[in-house]
Amino acid sequence: MSTPALAIDNIEVVYHHSVQVLRGLSLVVPQGQIVALLGSNGAGKTTTLKAVSGLLPLEVGEVRAGAIRFEGERVDAVAPHLLARRGLAHVREGRHVFEDLTVDENLVAAANALIGRREKPDPGLIYEYFPQLKDRRAQRAGYLSGGEQQMLAIGRALLGKPRLMLLDEPSLGLAPLVVDDIFKIIARINREQGVAMLLVEQNAMAAFGIAQYGYIMESGRVVIDGPTEKLVKDPDVQRFYLGYGDGSEELASFRHVKHYKRRKRWLS
């Protein structure tokens, strides 16, 4: 069995030395696969990505227990810029492009941040995946549409030819047709570049449409996980996340479902 791109082993995360957000979280992202991480607001999804990419100390957070391994090596104490240069890319929620810089300048800034990598960043690859950006390469990023800004954010991450990408809510605030385009491109990047991906997403159907495996979180823990083709058939996943309920259920989350008190697993 090959070493996974990412292995999170029983981590606990605390903010401001007192507020515990993750409580014994474990998950695995195999090489070359897309893994979806779902959960309600406040479940700890974004904190999970920040723990992996090294951003927690910037927000007075810390991993107090457990281990995070990127391609087999412990990285829970490695600085974010060093992780980026080693091939771990984080596309944060809200896009975070440089609004006063042009599309080209955003890509140049990302390339400069990746100094130290052996392979020279190739903007041409970005414009191949996102031809809309090529047509707007001289336009300031702040004047791009939300979908174009999301494309630029993904493109900046892709410049470093990452082996693992963390994607935080790529569909946030986008129209359905744009979401469909974004997810098709994400799937294409995964397929053609072989990059593993951990995808945090509120749009469960979109995430399950491209992911091979999924985890669902509640209150800082994984409550259910399995191959996506099995998760979509689970009646409780359908009820809580896929909108298949009849509206008569009073349960609010997996926390109220007794048989999920112990995490269910499926073997692929």
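Hi everyone, let's start with the largest pocket: 26 residues line it, and Ala 84, His 90, Ala 113, Arg 156 and Ala 157 are the ones nearest its centre. A pocket here is an open set of points on a 1 Å grid over the protein atoms alone, where a 1.4 Å probe fits, with protein on both sides within 12 Å along at least five of seven lines, and lining residues have an atom within 4 Å of a point.

Before going on, a word on the source. This is a predicted model, where local features need pLDDT of at least 70 and side-chain atom pairs count only at pLDDT 80 or more, while totals for chains, interfaces and linings use all residues. Residues are numbered from 1 along each chain as its sequence is written, and side-chain values use heavy atoms, with hydrogens and water left out.

Back to the pocket. How much space lies in the largest pocket? About 710 Å³, a volume being the space filled by probe spheres set on grid points that are joined across faces, edges and corners. At least two lining residues come from each of helix 2 (80-85), strand 6 (88-91), helix 3 (103-113) and helix 6 (146-159). Helices (H or I, at least four residues) and strands (E, at least two) are DSSP runs, numbered from the N terminus. The lining has 15 nonpolar, six polar and five charged residues; Ala, Val, Leu, Ile, Met, Phe, Trp, Tyr, Cys and Pro count as nonpolar, Asp, Glu, Lys and Arg as charged, and the others, Gly among them, as polar.

Now to helix 1. Helix 1 (residues 45-53) is largely enclosed by the rest of the structure, because eight of its nine residues are buried. Buried means under 20% relative accessible area, exposed over 50%, and partly exposed in between, with a 1.4 Å probe and protein chains only. Among the buried residues of helix 1 are Lys 45, Leu 49, Lys 50 and Val 52.

On to charges. How many salt bridges does a search of the whole structure find? Eleven, each being a side-chain nitrogen of Lys or Arg within 4 Å of a carboxyl oxygen of Asp or Glu. In one of them, Arg 163 meets Glu 71 at 2.9 Å, N to O. That pair links distant parts of the chain, 92 residues apart: Arg 163 is in the loop between helix 6 and strand 7 (164-168), and Glu 71 in the loop between strand 4 (61-70) and strand 5 (73-74). Arg 163 is partly exposed at 33%, and Glu 71 is partly exposed at 26%.

Lys 184 and Asp 180 also meet in a salt bridge, at 3.2 Å, N to O. They are four residues apart in helix 7 (residues 176-193), so about one helical turn separates them. Lys 184 is exposed at 54%, whereas Asp 180 is partly exposed at 37%. Glu 128, Arg 188 and Glu 192 form a network of salt bridges.

Last, the rings. The structure holds one aromatic pair. The ring centres of Tyr 213 and Tyr 215 are 5.3 Å apart and the planes meet at 55 degrees, so the pair is tilted. Rings of Phe, Tyr and Trp (its six-membered ring) pair if their centres lie within 6.5 Å, with planes under 30 degrees apart stacked, over 60 edge-to-face and the rest tilted. Tyr 213 is buried at 15%, and Tyr 215 is buried at 4%.
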